[in-house]
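Subject: Handover of a structure

Dear colleague,

Please find the structure for your files below.

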Amino acid sequence: MPTWQTLSYKGSKTLLDPGTIGLGTPTKRCPATVCLPQTEENHYGVSVLVVNGWVVQNPSFSGYAAVMAYLPGKDLSIAVSVTNSPATDLNAQNLGNNIVKDLSHLLAPEQPLD
């Protein structure tokens, strides 16, 4: 469990709480591309995602997108910020995700962000 200076042990445990495990199955109103199953390996905490041990946030709005990923076991952080150009496909997902995934494979090949 991380012991971040600005967050207590109890606070970090709450932040990464796997209480969403088992939720997220697709419904008639929520397709499988949006309502993803929450598992021990990949689940939503409180305002962050936990993916293969990484703590991740990936905001994306109004042409701005970013990904911040932290791997507590290696004390490794990756941060990427991207913006859309006039030629960017408006249906594109957060384009920073691909960059962060590639970097995680280089920096932590035994525990990449996938």
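Predicted model: local features only at pLDDT ≥ 70, side-chain atom pairs only at ≥ 80, totals over all residues.

Which residue in β3 is the bridge partner of L49? The bridge partner of L49 in β3 is V56.

Residues are numbered from 1 along each chain as its sequence is written, and side-chain values use heavy atoms, with hydrogens and water left out.

Overall composition

The protein has two helices and six strands. Here helices (H or I, at least four residues) and strands (E, at least two) are DSSP runs, numbered from the N terminus. Along the sequence, these elements follow the pattern α-β-β-β-β-β-β-α. Of the 114 residues in the protein, 30% are buried. Buried means under 20% relative accessible area, exposed means over 50%, and partly exposed lies in between (1.4 Å probe, protein chains only). The protein exposes about 7700 Å², of which carbon and sulfur atoms supply 58%. Such accessible areas come from the Shrake-Rupley method with a 1.4 Å probe, and for residues only the protein chains shown count as cover. Among the contacts with a separation of 6 or more, 34% are between residues 24 or more positions apart; contact means heavy atoms within 4.5 Å.

Strand pairing

β2 and β3 pair in the antiparallel sense over three bridges. Two strands are said to pair if DSSP finds at least two bridges between them. β3 also pairs with β5, in the antiparallel sense and over three bridges. In that pairing, the bridge partner of V55 in β5 is Y70.

The hairpin of β2 and β3 has two residues between the strands. N52 lies in the loop between β2 (49-51) and β3 (54-57) and has a positive phi of about 50° although it is not a glycine. As background, most residues other than glycine have a negative phi. N52 is partly exposed, because its relative accessible area is 24%. D75, in the loop between β5 (64-71) and β6 (76-83), also has a positive phi of about 50° without being a glycine. D75 counts as exposed because its relative accessible area is 60%.

The core and a buried serine

The largest nonpolar core has 14 residues, and those with the most contacts inside it are W54, V56, A69, V100 and L113. β3, β5 and β6 each supply at least two residues of this core. A nonpolar core is a set of buried Ala, Val, Leu, Ile, Met, Phe, Trp, Tyr and Cys residues joined through side-chain atoms within 4.5 Å. Leaving aside residues up to four places away in sequence, V56 touches V48, L49, V67, M68, A69 and L113.

S104 is in helix α2 and is buried, because its relative accessibility is 0%. Apart from residues up to four places away in sequence, S104 touches W54, I78, P109, P112 and L113.

The surface

I99, L103, L106 and L107 form a nonpolar patch on the surface, with about 360 Å² of accessible area together. Patches are made of residues with over 30% relative accessible area and no salt bridge; like charges are joined within 9 Å, and nonpolar side chains (Val, Leu, Ile, Met, Phe, Trp, Tyr) within 5 Å. L103 belongs to helix α2 (residues 96-107) and is partly exposed because its relative accessible area is 31%.

The structure holds one salt bridge. It joins E110 and K74, whose closest N and O atoms are 3.4 Å apart. This pair links distant parts of the chain, with E110 in the segment after α2 and K74 in the loop between β5 and β6, 36 residues apart. A salt bridge is a side-chain nitrogen of Lys or Arg within 4 Å of a carboxyl oxygen of Asp or Glu. E110 is exposed because its relative accessible area is 55%, whereas K74 is partly exposed because its value is 41%.

P26 is in the loop between α1 (9-15) and β1 (42-44). P26 counts as partly exposed because its relative accessibility is 43%. The C-alpha atoms of P26 and L36 are separated by 7.0 Å, although these residues are 10 residues apart along the chain. Not counting residues up to four places away in sequence, P26 touches P31, A32 and C35.

A colleague
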